[in-house]
Amino acid sequence: MTFNALPAGHDRAGLLEKLLAAVRAEFCTEIYRPAPDDPVFVAPACIVADCDRIVSMRGLCNGHVIRWRHRGRPDMEKFLADPGLPVRGRQALTVCTIAGCRYGNFGKGFCGKHYERWRRAGRPSPDVWDAPNLVQPGDAPAECRLSFCALWAEGPQMLFCRSHHERWANASRADPERFALDAELTGTAHIDLRNLPRQLTLEFQYGLQCRSDAHRRTTPPRIVAQAVRLARSLGVSSLLDLTEEQWRHDAASGRVREPGLFLIEVRDAVEVLRDGAGWESEYPRDVWRLERLPGITTPATATVPRPRIRLHFERIGQPWLRDLAKRWLRLRLTSGLSTTAAHTGRDALVCFGGFLTHVGVDRLADVDRPLLERHLAHVASQPGGHGLKKGRISSLNLFFQAIRQHRWDDSLPGTAAFYPGDIPAEPATTVSRRLAEHVMAQVESEANLDRWDNPSGRLITLILIRGGLRISSVICLDFDCLLHDGQDAPYLRYFNTKMKREAAIPIDEELEQAIRDHQHRVLQRWPQGTLPPTARERLGATADVRQQLPADAPPLAGDLRHLRRVRPARPLDAPSVAAHLRLPTELLQRCRSRVRMALAIDVIRLGLQRDLRKIRQDFRRATPRSTGARAAARARLRVFSVRVSSCRGRRLIPVVTQGPPPW
């Protein structure tokens, strides 16, 4: 890759000034402590009462996890009922048993000074021994410097109590202030940026600020701490001292990849602060970072954050072809083309560049029709499906058209073009995408649905089954995604990621209640606003349902969208809902007389999704499950959305008929 690194000393002073001006006061600290309810830097506290340490696993801190294992892993409720003494570093040290003395215990229940006097007195019984008062009234010694320790310091020259003084001595008598701060931070949620170069500290602070402002994913403080340790071990003074590829290589040795990803994201944020974002800084690169380009249309899942999208040009070996490819794709991206289509065009030019290298052509003027016919044979011989090969040919043809239209290079011969007959026809589909009935029964089983440990995943599965939406549309649902018509019937409003428009589908009351329950859970977790799920949560919520089925279940044919493939042929989008169709009573009777399987006029209103599902996918070749309709299994059925007026008001209903609509 050709990511550009910051040379030593290049614009270092200017970047430092920008960092000083950009970092806010709450992040300009060497010890950053996130709030307990921070939605980004999540660090939940141990579930044991009065324990302030962060969770390690099973809701317990590391100390309580070790104690729980030593007890034989008992039931969590029993363990929480009697967790024992506070963990090390949090429990109060024993004090001298002599009244009025707050020195630490040395032996036999006495502090060191009382123990020595008790020994000289002949070791009498503590109950009858008249212990001297070592402290004059109003002249109490100084307390230990640790905020959570109430014991006295052993002497006027000592800063800590006896036990903490020994710990401080074992730590090579480090700086007392730092020792006290480290003791307080042990086991708590914090990010330590001490002992870093000044600019590197500011870069991490700026990265924390950007991650907090983005509200895009959660980041436990331990992940940031691992990233800081990695940067400290490499001895760099700035994250820009290494390229992105070098950071990936250095972070690959760790067992966890999140610290490396955090480092790369912080590096990108610092580089944007230094160079700015836009075409002027990205166009000369051989790897475009599309998230830095304003106005770029992401794929159909436009409402889902898609960070770190890259468009690579280094695989195009010819410099003249690479320059034309950049010019063409910049034009298409700025005209509204999605990044997916841009990757398809880039792939076509990479394939064409490899072919030119193979045949020894190094000029655009040598690209003529005979050469393109050879390229057609080359594409046909490459691995890949029909869609991939069709995209390579059609995208290359659009590339040639753009060169002629905008006169980027007049040396391109006029015969360099493809024609409709050059692309082979799509082979006929021989494998049905429908699911077997026994597979549907397993997927819809309440027992299998209850095996979800994540309520979000269970809700998404229900929407996929009952709504027939694509997984990309489901994960893009807005928080307020419910609509109601004049009859108070519920609808699910979503963004059709394939058609790129908003639409709505009818749902039943059970699914509506499940969505409202999920909204309530989200508001309880983030009362001040919602935070999009992390990549890990999103993958967990959309996991393959095969993992939730029994081990002997047959494989699923197709994706989750084909579990429920019944929805009106015309989605209830804004144009269709706004259309006011009034049908005469006679025409309505003619439509109802041709309805198959006794689908009533109140199908949507009553939410009879199970009756709708009995008619198979897209109504082109229906295979109803009901016994009475088996004779009509070969019938060619169609569904039309009709707005009718009745005593119950104006409403939109589905009408299932044979042949074209009767109006």
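User: Which residues have the most contacts inside the largest nonpolar core?
Analyst: Phe352, Val367, Phe399 and Phe400 do, in a core of 40 residues. A nonpolar core here is a set of buried Ala, Val, Leu, Ile, Met, Phe, Trp, Tyr and Cys residues joined through side-chain atoms within 4.5 Å. Buried means under 20% relative accessible area, with a 1.4 Å probe and protein chains only.

User: Which helices each supply at least two residues of this core?
Analyst: Helix 12 (319–334), helix 13 (339–359), helix 14 (369–381) and helix 15 (386–406). Helices are DSSP runs of H or I, at least four residues, and strands are E runs of at least two, numbered from the N terminus.

User: Before I go on, what kind of model is it?
Analyst: This is a predicted model: local features need pLDDT of at least 70, side-chain atom pairs count only at pLDDT 80 or more, and totals for chains, interfaces and linings use all residues. Residues are numbered from 1 along each chain as its sequence is written, and side-chain values use heavy atoms, with hydrogens and water left out.

User: OK. What is phenylalanine 400 in contact with?
Analyst: Leaving aside neighbours within four places in sequence, phenylalanine 400 contacts Phe352, Val367, Leu372, Leu412, Ala416 and Phe418. Contact means heavy atoms within 4.5 Å.

User: And helix 13, what covers its buried residues?
Analyst: The cover includes strand 4 (310–312), helix 12, helix 14 and helix 15. Among the buried residues of helix 13 are Arg346, Phe352 and Phe355.

User: Switching to strands. How many bridges are there between strand 6 and strand 7?
Analyst: Six, in the antiparallel sense; two strands pair if DSSP finds at least two bridges between them. Leucine 492 stands opposite isoleucine 505 in strand 7. The two strands form a hairpin with four residues between them, and lysine 500 in the turn has a positive phi of about 60°.

User: What about strand 5 and strand 6, parallel or antiparallel?
Analyst: Antiparallel, joined by three bridges. Histidine 484 stands opposite proline 490 in strand 6.

User: Is strand 6 mostly covered or exposed?
Analyst: Mostly covered, as five of its seven residues are buried.

User: Last one: where is aspartate 508?
Analyst: Aspartate 508 is in the loop between strand 7 (501–506) and helix 20 (509–525). Its relative accessible area is 10%, so aspartate 508 is buried.

How values were computed:
Buried means under 20% relative accessible area, exposed over 50%, partly exposed in between (1.4 Å probe, protein chains only).
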